[in-house]
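This report goes through some computed features of the structure shown below.

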Amino acid sequence: MSTSTSTRTTGGGKPRSRNVWLSKTAVNGALVLAVVYMLFPLVWLLTAATKDAGGLLAGNAFSFEGFDLGGNLSRLAEYNDGVYFHWYLNSLLYAGLGALVCSLVSVAAGYAFDKYDFPGKEKLFGVVLLGVLVPTTALALPMYLLASEVGIVNTFWAVFIPVLVNPFGVYLSRVFSSGYVPGEALEAARIDGAGELRIFWSIGLRMLMPGFVTVFLFQFTAIWNNFFLPLVMLSDQKLYPLSLGLYAWNSNAHAEPDFYPLVVTGSLLAVVPLVVAFVSLQRHWKAGLTAGSVK
């Protein structure tokens, strides 16, 4: 009797283990395909940046034959008195400073929505959530009209000021505040005589640092890749961000193929700040995403 039971158990276990192995293989295979799909454009960019115009048009971008990355970088720096790196600096200012200020504003607003009670609080937060549903491209024309009324069209501020507000960042910050900042810590600080600004700056902001970094990374990426707003607001090439400058070069590449290596090499360098930001802030970013998913 016991032998028969043991045999059935062992025999029944084999199909189960085989199914588990097949499931793991399927999941790992899907993950490998996803990784290849995501890395394929980057690999193409790395190899294509080493080609001249002839090598790119010949269709052998995936080989390192005719390696000329140094020449492409040199031509990129020299073209039009180094306008590319002027665009690079503009993008760093728009994205870096804009994401920093936007993250601080979002965290402060989310903290206030979570920790304070005031008339119309939930209705106002509902308006913020409605802002999440509105695509940014739909707001470009109204913002252009407002900027025209104020007189800041074709200036740094026309692109910088609109990116200082992020409704989704406010929503995330409220979620992080409810999970990261205990009310008891704030009450203890008030008993010790600390003011509200001091409490937020010394206690709330420090506890919300994972959320701050998460909002910063999202906003930095969004501003760095921003294209339509600068296209609407700017006409002076010296104010262009990288996205708009590379688009202008790519538009000329159909008539002048020598622009192709400049566009490809410039696109490769444009990826570097995003990679550096995500790698350097990875620890805080992971913690922030985990907390947001749990809450």
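## Arginine 190 and glutamate 196

Glutamate 196 is partly exposed, with 34% relative accessibility; buried means under 20% relative accessible area, exposed means over 50%, and partly exposed lies in between (1.4 Å probe, protein chains only). Its salt-bridge partner is arginine 190, and their closest N and O atoms are 2.7 Å apart. A salt bridge here is a side-chain nitrogen of Lys or Arg within 4 Å of a carboxyl oxygen of Asp or Glu. Arginine 190 is also partly exposed, at 27% relative accessibility. Through shared partners, salt bridges join Glu187, Arg190 and Glu196 into one network.

The model is predicted: local features need pLDDT of at least 70, side-chain atom pairs count only at pLDDT 80 or more, and totals for chains, interfaces and linings use all residues. Residues are numbered from 1 along each chain as its sequence is written, and side-chain values use heavy atoms, with hydrogens and water left out.

## Other salt bridges

The whole structure holds six salt bridges. One of them links arginine 174 and glutamate 122, with 3.1 Å between the closest N and O atoms. Arginine 174 belongs to helix 8 (residues 167-180) and glutamate 122 to helix 5 (residues 121-133), so the pair ties together parts 52 residues apart in sequence. Helices (H or I, at least four residues) and strands (E, at least two) are DSSP runs, numbered from the N terminus. Arginine 174 is buried at 16% relative accessible area, while glutamate 122 is partly exposed at 48%.

Another salt bridge joins the side chains of aspartate 117 and lysine 121 at 3.5 Å, N to O. Aspartate 117 is exposed, with 74% relative accessibility, whereas lysine 121 is buried, with 11%.

## Helix 4 and helix 11

The axes of helix 4 (residues 83-115) and helix 11 (residues 209-224) come within 8 Å and cross at roughly 145°. Axes are lines fitted to C-alpha atoms, for helices over the stretch in contact, and angles run from 0 to 180 degrees between N-to-C directions.

## The chain as a whole

The chain has 15 helices and zero strands. Its radius of gyration, taken over C-alpha atoms, is 26 Å, well over the 19 Å that the globule rule (2.2 Å times the number of residues to the power 0.38) gives for 295 residues, so the chain is more spread out than a compact globule. Along the principal axes, the C-alpha atoms fill a box of roughly 80 × 70 × 35 Å. Of the 295 residues, 34% are buried.
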